[in-house]
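This report describes selected features of one protein model. Please examine the sequence and the structure before reading on.

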Amino acid sequence: MVSPGTGSGERPGGSALSEINVTPFVDVVLVLLVIFLVTAPMMLRGIDVKVPKTEAKNVGPEERLMLTVTKEKAVYLDDQPITLARLEGVLVGLRQRNAKAAVFLRADEGVAYGVVVKVMDAVKKAGIERLGMVTEPIPPVAKGR
C-alpha cells in the first residue's frame, strides 16, 4: 500500500518545493567580490622601472602597447620579455592590424641612452610613427629647486 503523496513528487505534508533559496548564493558571490576587489590591485603590478621626471603632463590612460627597458638592458613588451630582433616583427604585425597603433616607451633613467635609441629604432623600422615616452611628473615643491 502506498501512502498518499509520497510517490507523486510532493512533500509528505503539503505541496512541492518550487522556490530556490538564493541567500546562500548571494553570500558566496559577495565574498568572491570582496576577494576579487582586494586581490585585483596586486595582480596589476608591472615591471619596476624608475622613469625620469619631467614637467610636461603625462598622457591620460588609454589602451596602449607598453615597451619597457630595465636597468639591466632587458626589453619587455607589456610584461613579456622580448629581443630587439623579434620586437620589430611583432610591431610590424601590430601596425598591419592597426595603422594608428601607438607605442609607449618606459626606460629606466639609469639605462644607457644607446639602448633606448636602439629600441626606438626598432619601433620606427616597424613603421609605427606614434611613439611616446613615459615619464613621472616632478612634484610641485621640487620644481623651484
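## Terms and basis

Helices (H or I, at least four residues) and strands (E, at least two) are DSSP runs, numbered from the N terminus. The model is predicted: local features need pLDDT of at least 70 and side-chain atom pairs count only at pLDDT 80 or more, while totals for chains, interfaces and linings use all residues. Residues are numbered from 1 along each chain as its sequence is written, and side-chain values use heavy atoms, with hydrogens and water left out.

Strand 2, residues 65-69, is mostly covered, as five of its five residues are buried. Buried means under 20% relative accessible area, exposed over 50%, and partly exposed in between (1.4 Å probe, protein chains only). Leu65, Leu67 and Val69 lie on one side of strand 2, and Met66 and Thr68 on the other.

Two strands pair if DSSP finds at least two bridges between them. Strand 2 pairs with strand 5 (residues 102-107) in the parallel sense over five bridges, and Met66 stands opposite Phe104 there. With strand 3 (residues 75-77), strand 2 runs antiparallel, joined by three bridges; Thr68 has Tyr76 as its bridge partner. Five residues separate the two strands of this hairpin, in which Lys73 takes a positive phi near 70°.

The structure holds one salt bridge, defined as a side-chain nitrogen of Lys or Arg within 4 Å of a carboxyl oxygen of Asp or Glu. Lys125 forms this contact with Asp121, and their closest N and O atoms are 3.6 Å apart. Both residues belong to helix 3 (residues 113-125), four residues apart, about one turn of the helix.

Lys125 is exposed, with a relative accessible area of 54%, whereas Asp121 is partly exposed at 37%.
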